[in-house]
Amino acid sequence: MDCTVLKFNHCGRKIYSFDKNRLQTENTGRKCPICQEQMRFSLLQAPVIVPCPFSNGHKVRCAFLIGSSLGPAFLSEWQDSELHVGVTNSQGVVYSYTSSGVQREEQGWEQCLCVPLVAPGTGRDSLAGTLWDSELEQFSLLSTWSRHRFEEEREFGSCCYGFALSFLNQLRRAEGRESVTRDDFTQQHVLPHVKTASRYITVYQEIHQHGFYVADL
């Protein structure tokens, strides 16, 4: 998904298109796909960029990542493909649990959904800079996450998600906070990102197929 998506209003509808038509839309009066009349916008009416929900996970420190080996288009809630989950350290190295054990990857997560676990500029940010990496490395070495136990963990629905959430809960307990359940974490942090990505993917695919996408205001 390399094209930037633009949004503008016309004919009482929201219209989406790719950025490659932006100059034409703003300056030469591109035709509205609804009324077929040429459009011109004031500065305040100019098309705006729709934020892309996908980020380079290697540039987001101390975060919970959701990715797909098939690409970002398969991160939609309507896809049946298996998603993969990881945790970044303060240098953007992604730790994830696979059938080969815990992997440490410096590439491969360039287009994924990111849930920051430490807010920059807070007291916990200093923890990320000093203890996060060592805690994550030590946690990844536990026998629980050996490659020999992968199928066992998978049978109980753990695997990569369990690895990431268990690490997060270990940190929460160390700080005197209660553990978060998988359902609560999913509802509060994962699903909002997946739903946003799903809407973006739908719009993107419609533009790719028809040249534009129209929605109600």
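Guide: Gladly, and one convention comes first: helices (H or I, at least four residues) and strands (E, at least two) are DSSP runs, numbered from the N terminus. On that basis the chain holds five helices and nine strands, and along the sequence they follow the pattern β-β-α-β-β-β-β-β-β-α-α-α-α-β. Please keep in mind that this is a predicted model, where local features need pLDDT of at least 70 and side-chain atom pairs count only at pLDDT 80 or more, while totals for chains, interfaces and linings use all residues. Residues are numbered from 1 along each chain as its sequence is written, and side-chain values use heavy atoms, with hydrogens and water left out.

The helix to look at is α5, residues 182-210. Just after α5, Gly 211 takes a positive phi of about 95°.

Now to what surrounds the helix, starting with the sheet. Two strands pair if DSSP finds at least two bridges between them. An open sheet of four strands has the order β3-β1-β2-β9, with antiparallel pairing. The edges are β3 (48-49) and β9 (213-216), each with a single partner strand, so one side of each is left without a neighbour in the sheet. Two bridges join β1 (residues 5-10) to β3, and Lys 7 has Val 48 in β3 as its bridge partner. Helix α5 packs on this sheet, touching β1, β2 (13-18) and β9, and its direction makes about 70° with that of β2. Contact here means heavy atoms within 4.5 Å; axes are lines fitted to C-alpha atoms, for helices over the stretch in contact, and angles run from 0 to 180 degrees between N-to-C directions.

The buried residues of α5 include Phe 185, Val 190, Val 194, Tyr 200, Ile 201, Tyr 204 and Ile 207. An α-helix has 3.6 residues a turn, so residues three or four places apart point the same way. The buried residues of α5 pack against β1, β2, β4, β8 (113-116), α4 (159-174) and β9.

Most residues other than glycine have a negative phi. Cys 11, in the loop between β1 and β2, has a positive phi of about 55° although it is not a glycine, and at 40% relative accessibility Cys 11 counts as partly exposed. Cys 62, in the loop between β3 and β4 (63-67), likewise has a positive phi, of about 50°, but at 0% relative accessibility Cys 62 counts as buried.

Among contacts between residues at least 6 apart in sequence, 62% join residues at least 24 apart.

How values were computed. Buried < 20%, exposed > 50% of the residue type's maximum accessible area, 1.4 Å probe, protein only.
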